[in-house]
Amino acid sequence: MTKSKPKLTVSRKLPRTVEQRLLADYDVTLNADDTIFTADQLLERAQGADALLVTPTEKCTSDFIANLPETIKIIATFSVGYDHIDVNAATAAGLTVTNTPDVLTDATADIALLLLLGAARGAYWGDKMVRTDTWGAWSPTGPLGIEFSGKKLGILGMGRIGQAVADRARAFNMEIHYSKRTRLPEELEKGAIYHENVESLLAQSQFLSINCASTPETHKLLNRENIALMPDGAVVVNSARGDIIDDDALIEALKSGKVAAAGLDVFTGEPNIDPRYRSLDNAFLLPHLGSATLETREAMGMRAVDNLDAFFNNRTPGDLVTPA
Ligand code: DGY
């Protein structure tokens with residue numbers, strides 16, 4: 001007797017190769033139009049399914065989890081971050097949750113470098129001058145960006161992505177500082193200077209790259225008091241999650257020049273960002289492009305499916321977020 005295929009509901013349109021694999025191995029409900037479903041619509045589509053494959057645009061709150069049909073046993077997220085899933089509620093409900101680490105490390109670190117360079121060297125205002133024909137003649141004295149090479153870079157959160165940012169920054173002769181709950185072993189530290197607390201890291205950070213996870217502890221970590229500790233004219237970039245920054249504090253600092261420039265790929269409430277960012281010429285803004293290459297998105301999809309395959313073949317998924 002042939003085993004019946006697990007029933008899977010997918011919340012968003014995925015790369016073609018990933019959908020092809022799902023169509024072959026699962027009884028799958030795809031989202032061809034890439035509609036962003038409300039929680040109720042997604043719950044409706046999940047009726048009778050064994051598994052859900054979601055992305056960061058679907059908020060799996062405790063309410064959502066409580067209302068899931070009992071047939072659902074696993075939520076696989078197409079993302080490394082899982083702050084959109086109430087993992088405690090999922091664990092209490094006996095659900096398995098998986099994510100997609102590793103495969104987006106390089107793409108996200110590349111974007112962090114783009115943000116650092118773009119913010120420092122005026123990618124936004126320079127581009128605007130060309131497009132609006134306000135370029136004028138080349139001038140020895142301006143407009144000027146901020147020298148990047150050879151400066152001190154603070155990395156807040158030295159996990160896989162933070163380490164990949166450090167590797168890239170070494171090519172720019174930067175002095176690398178980092179903070180992390182536990183110090184890295186020497187072979188991973190590669191000469192980077194460890195700070196036990198965020199305050200001491202910020203005091204050194206002429207450039208700051210935010211690469212930590214969004215957790216209750218990191219919520220609005222970059223607030224007014226912490227920005228005050230940074231060197232005057234620092235550059236702040238965020239390729240992790242928007243809520244790690246207190247927008248009021250950063251916008252105030254960008255206006256006063258305390259923070260000379262920011263590069264932001266992620267925002268609180270995205271895509272409905274704090275509109276004040278849009279009028280700041282010293283803010284270089286991207287629409288959450290960290291993992292946005294075809295290679296990486298395919299790899300994320302395949303990783304999510306690997307986790308589902310393991311689960312439905314009675315193996316432990318490689319990327320468990322809930323306890324084993
Ligand atoms: C993730 O995987 O968490 C990223 O934010 C998606 O780009």
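At what angle do the axes of helix α1 (residues 16-25) and helix α12 (residues 294-312) cross, and within what distance do they come? The legends below take up this helix pair and three further close-ups of the predicted model.

**View 1. Packing of helix α1 against helix α12.** The two axes cross at roughly 20° and come within 8 Å. Angles under 35 degrees count as roughly parallel, and α1 and α12 are therefore described as roughly parallel to each other. Their crossing is right-handed. From α1, the contact involves Thr 17, Val 18, Arg 21 and Leu 22. From α12, Glu 298, Gly 301, Met 302, Val 305, Asp 306 and Asp 309 take part. Sorted by class, this contact of α1 with α12 comprises four nonpolar, two polar and four charged residues.

**View 2. Packing of helix α5 against helix α7.** Helix α5 spans residues 105-121 and helix α7 spans residues 160-170. Their axes lie 8 Å apart, and the helices pack at an angle of about 55°. This angle makes α5 oblique to α7. The crossing of α5 and α7 is right-handed. On the α5 side, the contact residues are Thr 105, Asp 106, Thr 108, Ala 109, Asp 110, Ala 112 and Leu 113. On the α7 side, they are Arg 160, Ile 161, Ala 164, Val 165 and Arg 168. The contact of α5 with α7 has six nonpolar, two polar and four charged residues by class.

**View 3. The second largest pocket and its lining.** The volume of this pocket is about 210 Å³. Its lining includes three tryptophans, Trp 125, Trp 135 and Trp 138. Also lining the second largest pocket are Gly 126, Met 129, Val 130, Ala 137, Ser 139, Gly 142 and Pro 143. By class, seven of the lining residues are nonpolar and three are polar, with no charged residues.

**View 4. The largest cavity and its lining.** One cavity of 30 Å³ or more is found in a search of the whole structure. The largest cavity holds about 30 Å³ of space. Residues lining the largest cavity include Asn 238, Gly 242, Ile 245 and Asp 247. Leu 264, Val 266, Phe 267, Thr 268 and Tyr 277 also belong to the lining of the largest cavity. This lining is made up of five nonpolar, three polar and one charged residues.

Terms used: Residues numbered from 1 in each chain as written. Predicted model: local features only at pLDDT ≥ 70, side-chain atom pairs only at ≥ 80, totals over all residues. Heavy atoms only, no water. 1 Å grid on protein atoms, 1.4 Å probe; cavity = no way out; pocket = protein on both sides within 12 Å on 5 of 7 lines; lining within 4 Å. Points joined across faces, edges and corners; volume = space filled by probe spheres on them. Nonpolar A, V, L, I, M, F, W, Y, C, P; charged D, E, K, R; others polar. Axes fitted to C-alpha atoms, helices over the stretch in contact; angles between N-to-C directions. Helix = DSSP H or I, 4+ residues; strand = E, 2+ residues; numbered from the N terminus. Parallel < 35°, antiparallel > 145°, perpendicular 65-115°, else oblique. Left-handed = near helix turned anticlockwise from the far one by under 90°. Contact = heavy atoms within 4.5 Å.
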